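Dear colleague,

Please find the structure below, handed over for your records. My notes on what was found in it follow.

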Amino acid sequence: MLLNRETHAQKWIIRPDGKEKVSGKLKYLTDLTAPGMLHGKVLRSAHAHAWILSIDTSRAKQVPGVRVVITADDVPGLNLFGIAFPHQPVLCKERVRYVGDAVAAVAADTEEIAEYALSLIEVVYEPLSVVDDPETALEAGTMLLHPEGNLLHQTSLTLGDGDILKAFNTCTHIVEETYYTPRQMHTYMETEGGLFVPEADGRLTVYSPTQHGYKDRFQLARILGIPEEQIRVVSSPIGGSFGGKDELNVQPFGALMAWLTGLPIKMHNSRRESVVAGIKRHPMRIRMKTGCDSAGRLIAHQVSILADTGAYATLGCEVLNFATEHAIGPYTIPYVAVEGKSVYTNNGVSGEFRGFGGNQVIFAVESQIERLADLLGLDAWELRRLNLRSPDDPGPMGQPIVATEGASQVWARARESRLWQHRAQPEEPWLRRGVGAALVMHGAGLGFGIPDHSGGRLELTADGKIQASFGFEEFGQGLYAALTLMLQDCFGCAADDIRIVIGDTDRVPSSGSSTASRATTMMWRALQRLKPAFLAKLLTQASEISGIPAEELVTGVGGLHRKGDASGQPALTYSSAAVEPIVAHTEFHYPTTPEGKVGAHYLYSYAAAIVEVEVNLLTGRVKVLHTDHVIAAGPVINPMGFLGQIEGGSGMALGFTLTEDAVMKGGRYLRHNLDTYLVPTFTDSPLSIQVEAIEELPEDDAFGPRGVGEIGSVGLAPAITAAVRQATGVWVNALPISPENIVQSIDWLEGVEAID
């Protein structure tokens, strides 16, 4: 079903927060102010790797208007943070491991005073050799960046009897290639920051962008050495995240200085500081060897993944787990051997990012399919069908998964894309057009063995609102709209009958992180669990007030209606029914496979991306003209949000494929702003984007809609490179696509004749 106003007219609503956003009236967390607030700034390392011999803050403390200067000695609790385990120093005391490391922080009456005070802090370093390459980091004799060594995490996945070499000996065709993917920035509009306010009751309120308010509260309490209940985290609305604000950023410094001074602290990173200190997508080197028989049946697949996780762990282990799981794609391959390593370097920290390691390996495995099809002389889409997994097949790690027809449905619908026949060449002889496609299987949720709880609350408030409270955060993904539509589906009520409370640890239950495309599924499942108990209480109470039997009442617009009453007027308004509080709670876990390796998923979505590109033979520049997406992720809750997620994800993937690379040399970023780090703009976007949703699920499927925050971003790169191959004959194995390499790889005798 194509997503447009006609096919989903009843659900095509204006998002509740839309008008305030487009008008500029919405206050993001970094827009907030407080009377008497100070301005906080952080002193970052002068070196990518060095011992700290001394830190002298005496001159900075003497500057008029400076209220506090802190170093590691001023941290009352744990001087470490990390969403998975505490690993990164809040403030470094003995050693710095990358240029984003913090060594001191200042709070002053103005930003200018704080900046000046930073310049007066004297840090004496003893520079150390910089480890800026993950392969070098693993060599014997390389200096250890952490006591445990330079290897953060290692993974393996084996299918078959383990003799992969024997399996390759039976193959008719073998493709072996190494793929390289870039260090990509999240480039959210709202850089890291927030307001940190000590309250009169001795508590601390933290207004700061995050994807996991309760996890922030836990970490900050550990750093401050106080009970969690003394901290309130307000985390919405956020001006973009994409995984980049899942980890703590400025929160430790703002919280510490507010706690020590008793005054509000405002912090807001510049874009340059965001570049230096913020996490990025893991750059990966992926070696793949894939073999098939003469008919195109895949037999053997060997993969080696090397990820540069940078100076600290954050979620580097989990990203590598995800990449390992998705390295075979949606295909059935009898013999598989995958090995992964995530390695510490003195480069910027790599961590969670939309797609979570899937973008990198799916680019590689889909490229392998294209190369094998070329060797076989077979249509690449047909080769995919020949090896496509069946609904009842186990997951990529051999784990039980929820069966759907998604893979075959996506394949078939994508085959009908308008773009397969849309290949008319332009009149200019130096331009070439091509069409390419990719097929994706993508897990949702955190996976087996990882705590993945959730919860929610429904209540009828005294002023007659059906109030839904969740510990998720709104950072642009359209959570308000999706939840509004879910509540209207549940109760037949109007948007005015609803109140949504999210992103405030004082007011909402813990629902887990707003990440891994899990929030939509979790909210839907929560409402299925909450509705019966809430409705039973509401109907009983309404019956007692109105005298109408409960079985004759239904919820609707404005209140409780009598069944069969065509007047449209409620028999009892919600406010009249709210004589006693009505509350329903639920706690549960995200659906997970009953067995498997850590991180193995249970729910999968499927997608295809089909693109038409135009390549300029003179410049090597690639322009994506049209894209079609086919998505099998269950029922569409919010059509506009669904479409926005796929379009937004593919826009981010466009940058990953064509322009974005946070290049580092010697542990230093070479691009610090958006004048040199190029994200796609409107002029780079396709002329048309068509999205088709496959909403059918098996009759016995009780898991509801799957999230689509990531799946639109993971298949575009291999589809583009396949289209470039068709247009030019050039194979691409490194992203972003290098125009120079395109030009140098073209057969110029043929090209010149064409231009002449």
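Lys245 and Glu190 form a salt bridge through their side chains, with 3.8 Å from N to O; the term stands for a side-chain nitrogen of Lys or Arg within 4 Å of a carboxyl oxygen of Asp or Glu. This pair links distant parts of the chain, 55 residues apart: Lys245 belongs to the loop between β13 (231-234) and α7 (251-261), and Glu190 to the loop between β10 (173-181) and β11 (193-198). Helices (H or I, at least four residues) and strands (E, at least two) are DSSP runs, numbered from the N terminus. Both Lys245 and Glu190 are buried, where buried means under 20% relative accessible area, exposed over 50%, and partly exposed in between (1.4 Å probe, protein chains only).

Please note that this is a predicted model: local features need pLDDT of at least 70, side-chain atom pairs count only at pLDDT 80 or more, and totals for chains, interfaces and linings use all residues. Residues are numbered from 1 along each chain as its sequence is written, and side-chain values use heavy atoms, with hydrogens and water left out.

By the rule stated above, the count comes to 31 salt bridges. Two further pairs involve helix α12. Arg415 forms a salt bridge with Asp379, their closest N and O atoms being 3.9 Å apart. Here too distant parts of the chain are linked, since Arg415 lies in helix α12 (residues 406-415) and Asp379 in the loop between α10 (358-376) and α11 (380-387), 36 residues apart. Arg415 counts as partly exposed because its relative accessibility is 38%, and Asp379 is partly exposed at 35%.

The side chains of Arg413 and Glu692 also meet in a salt bridge, at 2.9 Å from N to O. That pair joins helix α12, which holds Arg413, to strand β30 (residues 688-694), which holds Glu692, across 279 residues. Arg413 is partly exposed, with 26% relative accessibility, whereas Glu692 is buried at 17%.

Turning to the strands, β7 (residues 102-108) is mostly covered, with 7 of its 7 residues buried. Strand β1 (residues 38-44) runs antiparallel to β7 and is joined to it by 6 bridges; two strands pair if DSSP finds at least two bridges between them. In β7, Val106 stands opposite Lys41. Strand β3 (residues 66-70) also pairs with β7 in the antiparallel sense, over 4 bridges, and Ile70 stands opposite Ala105 in β7.

On the surface, Trp51, Leu53 and Val124 form a nonpolar patch with about 270 Å² of accessible area together. Patches are made of residues with over 30% relative accessible area and no salt bridge, like charges being joined within 9 Å and nonpolar side chains (Val, Leu, Ile, Met, Phe, Trp, Tyr) within 5 Å. Areas come from the Shrake-Rupley method with a 1.4 Å probe; for residues, only the protein chains shown count as cover. Trp51 lies in strand β2 (residues 50-56) and is partly exposed, at 32% relative accessible area.

Finally, helix α14 has a kink of about 40° at Leu530, shortly before the proline Pro532; the bend at a residue is the angle between axes fitted to the seven residues ending there and the seven starting there. Just after α14, Gly547 takes a positive phi of about 80°.

Yours sincerely
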